[in-house]
Every structure is written in structure tokens, then in C-alpha cells.
Amino acid sequence: MSHDVVQHVPGNSALAGDHKGIEAVLGLYGKLGELTGGTFRAHLVDVHGDGHGHVTAVHQTFATRKGVTRLSRGSILFTFLGDKVTDMLELHADIAGDDAFIA
């Protein structure tokens, strides 16, 4: 990741917003792990690229929170400059459902 990387998380949950910088992005994943008691898992389904610095990773996620297990699908659009990720745009299949799960 570049030092000024940004990860954009959609929705209105405690995880939503723009996370700027490596520490903030890593902190996002730490908070996700904390909120799900370490149960969060992302399984890569497919990867698509354009050969010009953009790659989309399609994934399926699983997590348990407050006794509820959630399965969700989404993707992250990565933008690369050279060999560094500069931007990560999350896309969720069910933003409202994901927000409710984290609430």
C-alpha cells in the first residue's frame, strides 16, 4: 500500500467512511475483527483486471456478531500506481444489511 492509501467503505455503520493512510486502513480491519469477535472471513471468488492499474476482487464474507451469522457478497476495486495500492473502493451487495449487522 502507498503511505497515503484510502479505503472507501459505503454505508452508515461504524466502519463506513474514508480511511486514509496505512494505519487507518489496518485499523479498519482491526475494528472489523474486534466487532465480529475474530470471526470475520473473506473468501476470494474471482479477480478481474484491466491491465492499466485497476483490479476488482470479488469476495464472499462470513462473520458472527451478537449470535447472528451473516453471509454477504461484495467486491473491492483496487487502484494501483506501480506496485502500490493507492485506493480501495468497497462495493457491497447489501449495504443496508451489512450496516444493520454491524450496528
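Reader: What share of the residues in the chain is buried?
Author: This is a predicted model. In it, buried residues make up 33% of the 103 residues.

Reader: New topic. How many helices and strands are there?
Author: The chain has two helices and six strands.

Reader: What pattern do they follow along the sequence?
Author: Read along the sequence, the pattern is β-β-α-β-β-β-β-α.

Reader: What does the C-alpha trace span along its principal axes?
Author: About 45 × 25 × 20 Å.

Reader: How does the radius of gyration fit a compact globule?
Author: The chain has 14 Å. A compact globule with 103 residues would have a value near 13 Å, so the chain agrees with that.

Reader: Take contacts between residues at least 6 apart in sequence. What part of them joins residues at least 24 apart?
Author: 36% of those contacts do.

Reader: Let's switch to charges. How many are positive and how many negative?
Author: The chain has 8 positive and 12 negative charges. Their mean positions are 9 Å apart.

Reader: How many salt bridges does the chain have?
Author: The count is two. In one of them, Asp94 pairs with Arg70. Their closest N and O atoms are 3.1 Å apart.

Reader: Where do Asp94 and Arg70 lie?
Author: Asp94 is in the loop between β6 (84–92) and α2 (95–102). Arg70 is in strand β5, residues 68–81. The pair therefore ties together parts that are 24 residues apart in sequence.

Reader: Is Arg70 buried or exposed?
Author: Arg70 is buried, with a relative accessible area of 19%. The cut-off for buried is under 20%. Asp94 is partly exposed, at 35%.

Reader: Which residues meet in a salt bridge at 2.8 Å?
Author: Asp98 and Arg70, with that distance taken from N to O. Asp98 sits in helix α2 and Arg70 in strand β5, so this pair ties together parts that are 28 residues apart in sequence.

Reader: Is Asp98 buried or exposed?
Author: Asp98 is buried, and Arg70 is too.

Reader: Which residues end up in one network?
Author: Arg70, Asp94 and Asp98. Salt bridges that share partners join them.

Note on methods. Residues are numbered from 1 along each chain as its sequence is written. This is a predicted model: local features need pLDDT of at least 70, side-chain atom pairs count only at pLDDT 80 or more; totals for chains, interfaces and linings use all residues. Side-chain values use heavy atoms; hydrogens and water are left out. Helices (H or I, at least four residues) and strands (E, at least two) are DSSP runs, numbered from the N terminus. The radius of gyration is taken over C-alpha atoms; the globule rule is 2.2 Å times the number of residues to the power 0.38. Buried means under 20% relative accessible area, exposed over 50%, partly exposed in between (1.4 Å probe, protein chains only). Contact means heavy atoms within 4.5 Å. Lys and Arg count as positive and Asp and Glu as negative; His and the chain ends are not counted. The place of a charge is taken as NZ of Lys, CZ of Arg, CG of Asp or CD of Glu. A salt bridge is a side-chain nitrogen of Lys or Arg within 4 Å of a carboxyl oxygen of Asp or Glu.
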